[in-house]
Amino acid sequence: QVQLVESGGGLVQPGGSLRLSCAASGSIFSINIMRWYRQAPGKERELVADITNSGSTNYADSVKGRFAISGDNAKKVVYLQMNSLKAEDTAVYYCNIKYLGPWGRWLEVWGQGTLVTVSP
């Protein structure tokens with residue numbers, strides 16, 4: 001069974017930085033896209049950033065210029081470097097991958113979530 005394990009969340013002051021990591025394991029033959037989402041209390045889960053297998057990246061307007069997504073499909077790891085953090089970045093962050101699994105099926109899996117708290 002494919003699993004995503006996240007790490008790197010924690011408490012940081014405004015203006016600070018964190019790097020989130022997400023490591024995939026299991027029967028993954030290839031990865032199509034890696035994504036980071038976040039969900040704050042009372043809000044819908046939103047897409048923060050994604051990166052395709054070709055290296056193309058996409059960011060939510062709210063994080064452009066501050067966050068950077070990177071990944072290694074071979075190592076099955078995706079990162080989210082977060083700089084200049086703001087209080088409004090406080091949320092549970094989830095990684096997500098779309099991957100090619102057994103039977104030639106394209107599947108998606110979610111990480112368990114890691115909490116990022118930005119506070120003085």
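Biologist: Why is Asp-89 called buried?

Modeller: Keep in mind that this is a predicted model. Asp-89 has a relative accessible area of 1%, and buried means under 20%, so Asp-89 counts as buried.

Biologist: What makes Arg-38 and Asp-89 a salt bridge?

Modeller: Their closest N and O atoms are 2.9 Å apart. The cut-off is within 4 Å, so the pair qualifies. Arg-38 sits in strand β4 and Asp-89 in the loop between β8 and β9, so the bridge ties together parts 51 residues apart in sequence.

Biologist: And how do you know that Asp-89 also pairs with Arg-66?

Modeller: Same test: N to O comes to 2.7 Å, and that falls within 4 Å, so this is a salt bridge too. Arg-66 is in the loop between β6 and β7, 23 residues from Asp-89. Bridges with shared partners join Arg-38, Glu-46, Arg-66 and Asp-89 into one network.

Biologist: Are Arg-38 and Arg-66 buried or exposed?

Modeller: Buried: Arg-38 has 6% relative accessible area and Arg-66 has 11%.

Biologist: What makes Arg-35 and Glu-108 a salt bridge?

Modeller: The closest N and O atoms are 3.8 Å apart, which is within 4 Å, so the pair counts. The two residues lie in strands β4 and β10, so parts 73 residues apart are tied together.

Biologist: Why is Glu-108 called partly exposed?

Modeller: Its relative accessible area is 48%. That lies between the 20% and 50% limits, so Glu-108 is partly exposed, whereas Arg-35, at 14%, is buried.

Technical notes. Residues are numbered from 1 along each chain as its sequence is written. This is a predicted model: local features need pLDDT of at least 70, side-chain atom pairs count only at pLDDT 80 or more; totals for chains, interfaces and linings use all residues. Side-chain values use heavy atoms; hydrogens and water are left out. A salt bridge is a side-chain nitrogen of Lys or Arg within 4 Å of a carboxyl oxygen of Asp or Glu. Helices (H or I, at least four residues) and strands (E, at least two) are DSSP runs, numbered from the N terminus. Buried means under 20% relative accessible area, exposed over 50%, partly exposed in between (1.4 Å probe, protein chains only).
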